[in-house]
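Hi there,

Here is the structure I promised to pass on. Have a look at it first, and then read my notes below.

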Amino acid sequence: MTRSTKKGPFVHEKLFRKVMKAKDAGDRSPIKTWARACTVVPEFIGHTFAVHNGKMFHNVFVTEDMVGHKLGEFSPTRMFRGHTGGKK
Amino acid sequence: MPRVAGVDIPNDKPAWISLRYIYGVGPKIAREICKRLEIADSVRAKDLTEDQLSQIAGLLTGEYVIEGQLRRQVQQSITRLRDISCYRGLRHRRGLPVRGQRTKTNARTRKGPRKTVAGKKSVKEMR
């Protein structure tokens, strides 16, 4: 079920304000965030986010193609290291 | 056999069914086309007139994305997902289901034939 278009995309207010602030200040350092559900909006392009995955922060540099996706999509929460045994 | 949209040669099924042999034309678009050109359900593909064929071709190239162009579009979307390394892109890279299906069992379409692991306990032994 997709979100109603009436509401527009979900953008984390606080994070958005932070991005605008960083933009004004010309600050390019990664913005730490837990807001994985926040949609990437065009204003985010060119910024780096440190997106929490439950354990650590993944640095995500936002490009134009990423608009419309959620921040969490770029910070995997599971790690698969292979099955036991493997090679003998 | 009539030729529509380049290489596609549907057979002597009803027109609205044989149109579906074109990549990118399914039930919906096939019906839509037949309705707009007023081709009755009973008309077989081989009985289509030259005029109707060219009209179909005109519609397909003008208003719909089909065949090579559609395949390219799909590929491009997948490549885009891969390049931005989002979750869906990662699943495409690994050849695993993209839309959250279970992978403990099934998912054979994406994973391909089973690779049996020697020494792995079977379901029977675990009980």
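The largest cavity holds about 40 Å³ of space. Keep in mind that this is a predicted model, so treat everything here as computed from it. By the rule used, the count comes to one cavity of 30 Å³ or more.

Which residues line the largest cavity? You'll find Pro2(B), Val4(B), Pro10(B), Ser18(B), Leu19(B), Ala45(B), Leu48(B) and Leu53(B) around it. Sorted by type, that lining has seven nonpolar residues, one polar and no charged. In case you're wondering how such spaces turn up: rolling a probe the size of a water molecule over the atoms shows where empty space is left.

Now for the place where the two chains meet. Eight residues of chain B are in contact with eight residues of chain A. Between them, the chains bury an area of about 680 Å², and carbon and sulfur atoms give 60% of that.

How many salt bridges are there between chain B and chain A? The count is zero. What the rule does find across this interface is three residue pairs in polar contact, with both residues at pLDDT 80 or more.

On the side of chain B that touches chain A, the elements giving two or more residues are α4 (67–83) and α5 (87–94) of chain B. The most comes from α5(B), with three residues. By type, this side of chain B has five nonpolar residues, one polar and two charged.

Cheers

Key: Residues numbered from 1 in each chain as written. Chains lettered and ligands numbered in written order. Predicted model: local features only at pLDDT ≥ 70, side-chain atom pairs only at ≥ 80, totals over all residues. Heavy atoms only, no water. Contact = heavy atoms within 4.5 Å. Buried area = accessible area lost by both parts, 1.4 Å probe. Salt bridge = Lys/Arg side-chain N within 4 Å of Asp/Glu carboxyl O. Polar contact = N/O pair within 3.5 Å; in protein donor to acceptor, adjacent residues only side chain to side chain. Helix = DSSP H or I, 4+ residues; strand = E, 2+ residues; numbered from the N terminus. Nonpolar A, V, L, I, M, F, W, Y, C, P; charged D, E, K, R; others polar. 1 Å grid on protein atoms, 1.4 Å probe; cavity = no way out; pocket = protein on both sides within 12 Å on 5 of 7 lines; lining within 4 Å. Points joined across faces, edges and corners; volume = space filled by probe spheres on them.
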